[in-house]
Amino acid sequence: MKRSMPIGFFLRGLIIGFSIAAPVGPIGVLCIRRTLAEGRISGLVSGLGAATADAIYGSVAGFGLTFISNILIGQQLWIRLIGGLFLCTLGLKTFFAHPAKQGAPIEGRGLTAAYASTFVLTLTNPLTILSFAAIFAGLGMASAEGNYLSAGVLVLGVFMGSALWWLFLSCGVGLFREKLNTTGLRWVNRICGVTILGFGAMALLSLL
């Protein structure tokens, strides 16, 4: 029975990570745009940045680090402000971006920037930690607190579940990439730019 416990926590973490990553928000829109404009690798790496941030928040909830959670929630005004401004800037940059040449490899600094941007955007959403805490409580995951092995396996499951969603998304969206010409990619940039800008504006308006 004890040997099966880590497997159970891993499967639960897998479900949690997948379910939190799946709803389409600013990160999803950004990954879709990057997949269409730059290819599957860029979209997947962008998603892995978000998955890493999800794993960090999962660690906070899974290991019962309430003092970190309280700090994040207490500073959510500044965190939302930074996140909102970041989204608005990214939305404008995306809107005016020139379509990338199809087949042009994106590597090195380009992939690092793609990973870092979604990592920061996901971390600047303090409500994520509340989502993890609520889901953990609802699934009876409080027993993971104080058990470092179970909590560690749980966090690994969260990361893998989130990464699995971004893999599905980037591969699925990538099927449409070759059908888009320069004009189509330009419209992708514009639509995604406006959508991301809208998410940023909503984050800033929530501070009023």
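In what order do the elements of the chain run from the N terminus on? In this predicted model, the elements follow one another as α-α-α-α-α-α-α-α-α, and the count for the chain is accordingly given as 9 helices and 0 strands.

Taken as a whole, the chain has 208 residues, of which 40% count as buried, while its accessible surface comes to about 10900 Å², with 72% of that area belonging to carbon and sulfur atoms.

From here the reader may turn to helix H2, which covers residues 26-38 and has 13 residues. From its first C-alpha to its last, H2 reaches 18 Å, which is close to the 18 Å expected at 1.5 Å a residue. This helix is mostly covered, with 10 of its 13 residues buried, and the buried residues include Ile27, Cys31, Arg33 and Arg34. Just after H2 comes Gly39, which takes a positive phi of about 115°.

The next helix to look at is H3, made up of residues 40-62, where Gly47 is found. Is Gly47 buried or exposed? Because its relative accessibility is 0%, and buried means under 20%, Gly47 counts as buried. Leaving aside residues up to four places away in sequence, Gly47 touches Cys31 and Trp166, and Cys31 is itself one of the buried residues of H2.

Technical notes
Residues numbered from 1 in each chain as written. Predicted model: local features only at pLDDT ≥ 70, side-chain atom pairs only at ≥ 80, totals over all residues. Heavy atoms only, no water. Helix = DSSP H or I, 4+ residues; strand = E, 2+ residues; numbered from the N terminus. Expected span 1.5 Å × (residues − 1). Buried < 20%, exposed > 50% of the residue type's maximum accessible area, 1.4 Å probe, protein only. Areas by Shrake-Rupley, 256 points an atom, 1.4 Å probe, with all protein chains shown as cover. Contact = heavy atoms within 4.5 Å.
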